[in-house]
Amino acid sequence: MSDATGKDFVAVVASDQRKAPVRVAFVTRRTSAQVKSQDEEVIQAFPEVLFRAAIAVQLLAIVLVLISLFFNAPLEGLADPSHTPNPAKAPWYFLGLQELLHYFPPVVAGVLVPTLVVLALIVIPYFNINVEAEGLFLKDRKRRLQIFWVSSGVLCLFLLLFDVIVALVPTVMTVALMAVAAYTPANTSSNFRRSLAGKPLSFWVMSWFLFELVVLTAVGTFFRGPGWSWVLPWRS
Amino acid sequence: MRLPDSIEKLRQRLFGDTVRTFAWTSLLLLILLAVAPAKHYFADWRVYQRGYQQLISKRSDAVTLRRHFEPGIQQIWLPEIGVVDRCTTCHTGLKEASLADVSKQPYRHHPDMPHKAEEFGCTVCHRGQGAATSVEDAHRATDAWDEPLLPAKYLESSCGQCHQQDLKGTPQLNLGRKMLTQYGCIHCHTVKRPDGTVVAATDDPPSLEHIADKTSREWIYAWLKDPQAYSTTATMPNFKLKDEDARDISAFLMASSTPGPDAGSKVVPAVLEQAKKLKGDATLQTKAASLYGQSFCASCHAVQNAAGNLVGGDIGPELTKVGSKVKPEWLQAWVRNPHQYDPGTAMPRYRFTEQEVGLLTGFLMNKADADLLANVHLDAATPEQIEHGKRLVSDSGCAACHEVNGVKRPENFAPELTKVGSKPVAQLAFAPGVKHTLYDYLDAKIKQPHAFGAGLKMPQYTFTATQVDALVNALLSHNERALAMPAAKTVPALPESHYEAAGSAGKLIRDLNCFSCHMINGRGGEMAPELTSEGSSVQRDWLAQFLRNPNTLRPALIRRMPKFNLTDAEINTLTDYIMTVYQSPKVDRDSMPLTGYPAGQVELGKQLYYSKYGCQGCHIIDTKQDKGYVGPSLTHVGSRLTAAWVYNWMKDPQALRAGTQEPKRDMSDDDARALTAYLMSLKGHDAMEAKK
Amino acid sequence: MSVRVSKYFDALTETRAWRSVFRGGSGSSTLHRSMAIQQNIFLHLLSTKVRKRMISLNTTWYLGTLTLGTFGILVITGILLMLYYHPSAPQAYADTKDLQFVVSSGQFLRNLHRWSAHAMVFLVFAHMFRVFYRGAYRAPREFNWVIGVVLLLLTLLLSYTGYLLPWDQLAYWAITVGSNIASAVPVVGDRVRFLMLGGHFVNANALLRFYVLHCMVLPIAALFFVAIHFWRIRKDGGLYAHQKDAASVSNCDSGRPQL
């Protein structure tokens, strides 16, 4: 909307009054925000959306029923406190944590890490850098680059010190991607690099968490054998 | 690509809007959900039950069989022994004797069994997963079930879960149990029976505390390298020692050996002289050989004959190459009195004269194998070697079996085997190529323990395949189920008897090691007749005569009672003791006279003996005609046994001696009395007179 | 034919009995369709209208819906499984075996429950990352994100408590490993573990506790939070749409309650 009229504000009226109630937006001159008051097409939740949801759920159910018809749920011998299987594994979604337990004392891997993860997840939407939702290195570039290199260096060194190669790999991957983002020239022709450069800090933290989660869980599930030693799943 | 209009129209009609698509996905989901019950309808057990109905419908006794058949899942539920067996769901013909001709499983008729399935279920004996209703789950090992069906050759192990005593029908199990106690297994492995008693070893590995008195370091070396090269029947397993290890162990054993009690003091030079003379003297050799024979050394000791077969008993060690092993000084002292070197030996103390000692020593020293030690050359031992040998002795667990100076008997040297028969497969470390079942593991572990990895201490035994199977049977019987079996269902082992005879007679009995062969009050060997009721059964004069000069009662036997050269006083003491103490409460020795039966009764008895009861089939009275070699000779039974014993024996032999081969004939009192009269008339005076 | 069926259906919806059950009444007008949502205790958690582009698969991958779907499957199969299950050791294991061997379709029920549980954990994670990468956690949806985190934890707990119930070696040792972590909590660790297991190690008490948590406490808590989660979608302005995709600011991100 242009403000060529020279007034303090522009009033906009939605055109289709039968579909949506009249909405008025006030935009003061001092703000630079652009407002597009174009209405989106909406549809009734019933029946279209509900039935689509039902179809999705049914398709999932069909897949699960097929799996259940052909693959039996695992069952082992009667629980026996005197016979510890080797290795004793937690459910798969905790195997990332169990993998960390292999490297760190239980207080760190079993208590501190999950607590921090949960806290971080809760805090993310309230995080102020997040709200800006702009590229991490676009503003205050020099200082942020310093902080980035120092902190990722310390983190990698720490993981190396504890010999946590499994957690180091995703960390290095994340750091590498962040470096690509950081040194992307403003006029790059690559869409991928441009989008990377525009990612905020929260994106990088979450992606790092995702990489770690996937790698640690996969390693714990498939690549760990007796005594938590390395095994290859295809060679049993 | 555009679809043709008609198809596009159809698509519109079927999936045109969300609701229609929803209808289709609902239909698909419902169809898939119906597959699960359909799968159940085609479950293994239903298929087999339909097959059974088809099978019996073609048979002549279809009506009866159909009446017996119960459709649906069947189960035997015995909570007190942990049985939920649904085997009979598919094995429908188990109890149908008329299906004896059906060989197709699962419909086959079960052979006669000593127990009812309703009382014990199926899996107590056969193993497998009783609760399962599919072929795979019921018979084979799965993630959720460790114990597959037992192969037939191990089935006897299941009897051993409840029956701790030997059973007639389980020769393999009995043999396995005997091997367990005889081959030194339980010197290293503790095995407890379900009642908590520990299975005790019956072998007696020699003490090595005075071994330098007995043998040479070279022999020890050769023996350690391969015990079976010295004697094929040696029970000592092969530890597969390296040359230098055998060298160092032999060095340590020689160095740690102390002189035995009275070592040297008993060496009689004249005896050694005579022993030496024997080598070149054929007459002396014949004399010595006949002394060896008369003393019935072969009853206990075996010797390889020219054909390579072992002849003789297995109570004592094989003597084929004994001359290469022992020193003559030690041997002459041993022959004179074995108790001095080894108070626990099974060998009796013969009352040999010094000349006889010399003869036997020389005779045995001649039994040598020059090749045995020909290649053994050992340099003098260094202190490091001795130290290393000591470490090896203690690491290899030698002291678990043998007493060794300076090395303590190790506690729990090897894993306890009380529950080995139910050990989870997940806990076993398999050698490559061994099938992943418990019994295959045990079999391989016994046959080739060294395949399971270097550094394992279990030695190599030389067992035949049958022996290994027997041992696996015995091991499988020691399992959790046996331990959990309620007492009411078990037959405990006979308590071990520590019976000792009292007084001076007791001392004699120990000195002669009567228990090595004879069973008295539950203690002793099974080679010779039990003597618990001997006082009721024999006449005093005969007993005294027999002890003085044991003649044979059973002509078919090679192993006979040796002649101990007892003095009259010793014979009197023993005889008195046996006659007074070893009496049966069932037989009153004096209730019937030894002589004076009317001739008519004797005649009747003779007829009964030869015609009605056909006793000559097993016993000999007329040495020229009778061919019975199974039972003892009855030529002078009238001077041997008491009339009361004979009478009671006729009535019920098993009551007097459990397990005797003599059949119970259910004879009338008159018959028994007539037979007794006849047998008591057989005094055998002529024969005895002639001998004198 | 379909015309005839819908005629009968329409007639049915006009009956008094139908009207007494469904307050919205029948009809295909926008009003009726809105009423179908508004006048239903369950559906009124949802918006009556949805942006058209939100229903395309690409936008959300339907991950939230699918997660709810697995939850539904789990509730149904879970109730059926409860009919055959005693939460006592070692009977629990025998019951699990009997499900496999004698209960009609018992193995299928257990399979479906087990695989759906795994699917749900996976879908919850996937949903979380999808929401994050779409940026749908931003104001005014921050709190719904937090509820989502709570639901993630509840899902993990549901799965974890259910893991013990078959009472096999897998279950026993997985729970033992997990509960040992709890004892690493400083100061109160051992007490937390004792509270969790009803003893010092995993035993019959732990089984009962996990059963109660798995079959009652956690599902009710999950239902409660799922309801809030859905209701907040509506209250926070419907499903999140990217601004740059020509979204109307006033429409989507005002935080203004809609309907």
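Tutor: Before we start, helices (H or I, at least four residues) and strands (E, at least two) are DSSP runs, numbered from the N terminus. This is a predicted model, where local features need pLDDT of at least 70 and side-chain atom pairs count only at pLDDT 80 or more, while totals for chains, interfaces and linings use all residues. Residues are numbered from 1 along each chain as its sequence is written, chains are lettered from A and ligands numbered from 1 in the order in which they are written, and side-chain values use heavy atoms, with hydrogens and water left out.

Student: Thanks! Where is Leu213(C) found?

Tutor: Leu213(C) sits in helix 11 of chain C, residues 204-235.

Student: Which residues form the nonpolar patch on the surface?

Tutor: Leu208(C), Val212(C), Leu213(C), Met216(C), Val217(C) and Ile220(C), with about 490 Å² of accessible area together. Patches are made of residues with over 30% relative accessible area and no salt bridge, joining like charges within 9 Å and nonpolar side chains (Val, Leu, Ile, Met, Phe, Trp, Tyr) within 5 Å. Accessible areas come from the Shrake-Rupley method with a 1.4 Å probe, and for residues only the protein chains shown count as cover.

Student: New topic: how many residues does the contact take from chain C and from chain A?

Tutor: Chain C gives 77 residues and chain A gives 69, where contact means heavy atoms within 4.5 Å. Chain C and chain A bury about 6700 Å² between them, 72% of it on carbon and sulfur atoms. Buried area is the accessible area (1.4 Å probe) that two parts lose on being put together, summed over both.

Student: Which three residues of chain C supply more of that area than any other three?

Tutor: Trp115(C), Gln169(C) and Trp173(C), with 10% of the area that chain C buries against chain A.

Student: What about chain B and chain A, how much do they bury?

Tutor: About 1500 Å² between them, 75% of it on carbon and sulfur atoms. In chain B, Thr18(B), Phe22(B) and Leu32(B) lose the most area to chain A, together 35% of what that side buries. Salt bridges across the interface of chain B and chain A number zero.

Conventions
Salt bridge = Lys/Arg side-chain N within 4 Å of Asp/Glu carboxyl O.
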